[in-house]
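The sequence and the structure come first.

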Amino acid sequence: MTDLNEIAAELDGAAHEARSTDQISSRYRALGLDEAYRVQALSIERRISRGERLIGVKMGFTSRAKMVQMGLSDLIWGRLTDAMRVEDGTTIGLKRYVHPRVEPEIAFILGSGLSGKVSIAEAAAAVAFVAPAMEIIDSRYENFKFDLGDVIADNASSSGFVLGPAMPMRGPIDNLGLVMSFDGQPVQIGSTASILGQPLRALAAASRLAGEAGLTLQPGWLVMAGGATAAEALRPHLQVRLEMENLGSVGFATGAAKS
Ligand code: OOG
Ligand code: MG
């Protein structure tokens, strides 16, 4: 298997059918960064051809907790489509996932476009709304194990996202306390400060890194800033909730194992 198109087809198929697959780096060879982002773009093209719409990007490894949990320390990014949206307050079936995890994030909705290298002030000026958010990640690789090229090719493990109430960014967002709970019990406690010291830095990084791949962040797009804490494995019949200082809360439930 040497063709990037074939790798993209395999990863897209695994995501679509919720099955795990071998790491590209062990089955074939380690992918370089450019190749890995190319595979990601090709796999998203397959989703688009099935009728999904590109609606934004996500950042990964923007906090130390995530870097430590996954053993990688480079910022990565992935593409988000409308099909990944989970509505606030709904129940998700688990059979569309391989081994899903959830992590607390903050989301930006852009009022104007952002392109290439921008300052934090420029990034802030492009934000129309912020929202408390959770990301559901689901690596397509066995045991959630991957190297940098593997995870980039697999669209940075993206699988789902849920947004709480979106509101204009009225005050500082660089140190908002947050609690993620399962069935009312806190499982992760943290602060948006863990996201590069200031989540707007993740937005600026998204603009820069997407720009390197020829992509401009569009008005109306969603940008997920990256997990503020380590991710937690989901299991059946959970009430998952994130409370974020000043921004409110967001939640979803998980259904039965085979639902
Ligand atoms: C890779 C995706 C990382 C984040 O928020 O840091 C990420 C993974 O952990 O599987 O989404
Ligand atoms: Mg994430």
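## Cavities and a helix pair

Three elements each put at least two residues into the lining of the largest cavity: strand 1 (54–60), helix 4 (64–70) and strand 5 (127–137). Strand 1 is the top contributor here, with three residues. Keep in mind that this is a predicted model.

How big is that largest cavity? Its volume is about 110 Å³. The lining is made up of 17 residues, and K58, F61, K66, I137 and A156 sit closest to the centre. Sorted by class, the lining of the largest cavity has nine nonpolar residues, along with four polar and four charged ones.

How many cavities of 30 Å³ or more are there? The count is two, so here they are next to each other.

| Cavity | Volume | Lining by class |
|---|---|---|
| Largest | about 110 Å³ | nine nonpolar, four polar, four charged |

Now for the second largest cavity. Its lining consists of L11, D12, A15, S43, I44, R47, M84, R140, A153, D154, N155 and S158. Helix 1 (4–17) and helix 3 (33–49) each bring at least two residues to that lining.

Those two helices are worth a look as a pair. How do helix 1 and helix 3 cross? Their axes come within 8 Å, and the crossing angle is roughly 55°. Because of that angle, helix 1 counts as oblique to helix 3. As for the hand, the crossing of helix 1 and helix 3 is right-handed.

Which residues make the contact? From helix 1 come L4, N5, I7, A8, A9, L11, D12 and A15, and from helix 3 come E35, R38, V39, L42, S43, R46 and R47. By class, the contact between helix 1 and helix 3 has eight nonpolar, two polar and five charged residues.

Technical notes: Residues are numbered from 1 along each chain as its sequence is written. Chains are lettered from A and ligands numbered from 1 in the order in which they are written. This is a predicted model: local features need pLDDT of at least 70, side-chain atom pairs count only at pLDDT 80 or more; totals for chains, interfaces and linings use all residues. Side-chain values use heavy atoms; hydrogens and water are left out. On a 1 Å grid over the protein atoms alone, a cavity is a set of points where a 1.4 Å probe fits but cannot get out, and a pocket is an open set with protein on both sides within 12 Å along at least five of seven lines; lining residues have an atom within 4 Å of a point. Grid points are joined across faces, edges and corners, and a volume is the space filled by probe spheres set on the points. Helices (H or I, at least four residues) and strands (E, at least two) are DSSP runs, numbered from the N terminus. Ala, Val, Leu, Ile, Met, Phe, Trp, Tyr, Cys and Pro count as nonpolar, Asp, Glu, Lys and Arg as charged, and the others, Gly among them, as polar. Axes are lines fitted to C-alpha atoms, for helices over the stretch in contact, and angles run from 0 to 180 degrees between N-to-C directions. Angles under 35 degrees count as roughly parallel, over 145 as roughly antiparallel, 65 to 115 as roughly perpendicular and the rest as oblique. A crossing is left-handed if the near helix is turned anticlockwise from the far one by less than a right angle, and right-handed if clockwise. Contact means heavy atoms within 4.5 Å.
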